[in-house]
Amino acid sequence: MKSIAELAAALISAHEGGPLLDRVPEHLLPADLDAVYALQDEVIAQIGPVGGWKVAAGLGDPPLCSPIPANRFLGTADLIDGEKRRIFLAEIEVAVQLGEDLPGGAPPEAVEAAIASLHPAIELIGNPFVDRDATPRNLQLGDLQSNGAVIVGKAMDRALVDALASLPVTLELDGRPAHAVGKGAGWDDIVGAIAWLAGHAEQRGYGLKAGQVIITGARALAPLNGAKMIEGVLGDWGRVTCGV
């Protein structure tokens, strides 16, 4: 492995059942956030197009983010081969779908107007590495922050925006609660993160486009440990399920 292109190809292959990565050459390890995003860009160049983004609303200034390829957005009825995709962790998130393009520099009111709907979502985290614990964090971030797939549920009542900061969220595995939380990013946090993301995505040559889905950060999360059914319950507002 001699180039970023080869590293990106190896990451994509590992997420699709190919050989796991071990001992990535030192000169290919992302040294800083610019290099992280350069690796993400190379992965997208090979696997694209972009179907949406992940951004950690309410965490960090600026927050961490990653584009997500369109072919990793799945429906609740899709068959997901969790073993082939190396899925080991599930996260329950609040997702938004854009109804119109959102340019960089858009004020908060324009961001709110561009958000067409809110959805419950499951992000499935994959591990393409032989030894994840020994893998440098920047390499994991460059691997599209370990995204394996995103399952998006039905749109929720928009009145949810007033309840987001204290939204009860439960992750169930095979019908049993695995993790529950009672707070998370509020509406202002989410709008602010997407406003920042609009400029960031534009600078990277993508932009935020109508129809794209943005997941806004893990709320409840847990390792699968062999579980086959995953469900996210967002209070009385919505739920989303998938099988792996």
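## Basis of the model

Because the model is predicted, local features need pLDDT of at least 70 and side-chain atom pairs count only at pLDDT 80 or more, while totals for chains, interfaces and linings use all residues. Residues are numbered from 1 along each chain as its sequence is written, and side-chain values use heavy atoms, with hydrogens and water left out.

## Sheet and helices

Seven strands form an open sheet with mixed pairing, in the order β2-β1-β9-β4-β5-β6-β3; strands are DSSP runs of E of at least two residues, helices are runs of H or I of at least four, and two strands pair if DSSP finds at least two bridges between them. The edges are taken by β2 (65-69) and β3 (73-74), each with a single partner strand, so one side of each has no neighbour in the sheet.

Helix α2 (residues 33-47) lies across β1 (50-55) and β2, at about 10° to β2, whereas helix α5 (residues 187-203) lies across β1, β2, β4 (87-98), β5 (115-126) and β9 (213-223), at about 130° to β1. These angles run from 0 to 180 degrees between N-to-C directions of axes fitted to C-alpha atoms, for helices over the stretch in contact, where contact means heavy atoms within 4.5 Å.

## Aromatic pair

There is one aromatic pair, under a rule that requires ring centres within 6.5 Å and calls planes under 30 degrees apart stacked, over 60 edge-to-face and the rest tilted. The rings of Trp53 and Tyr206 have centres 5.6 Å apart and planes at 75°, so the pair is edge-to-face. Since Trp53 lies in β1 and Tyr206 in the loop between α5 and β9, the pair ties together parts 153 residues apart in sequence.

## His119

His119, in strand β5, has 8% relative accessibility and counts as buried, a label that means under 20%, with exposed over 50% and partly exposed in between (1.4 Å probe, protein chains only). A polar atom of its side chain lies 2.8 Å from the backbone oxygen of Gly153, and the side chain of His119 also reaches the backbone nitrogen of Ala155 at 3.3 Å.

Note on methods: Rings of Phe, Tyr and Trp (its six-membered ring) pair if their centres lie within 6.5 Å; planes under 30 degrees apart count as stacked, over 60 as edge-to-face and the rest as tilted. A polar contact is a pair of N or O atoms within 3.5 Å; within protein, one must be able to donate a hydrogen and the other to accept it, and residues adjacent in sequence count only if both atoms are side-chain atoms.
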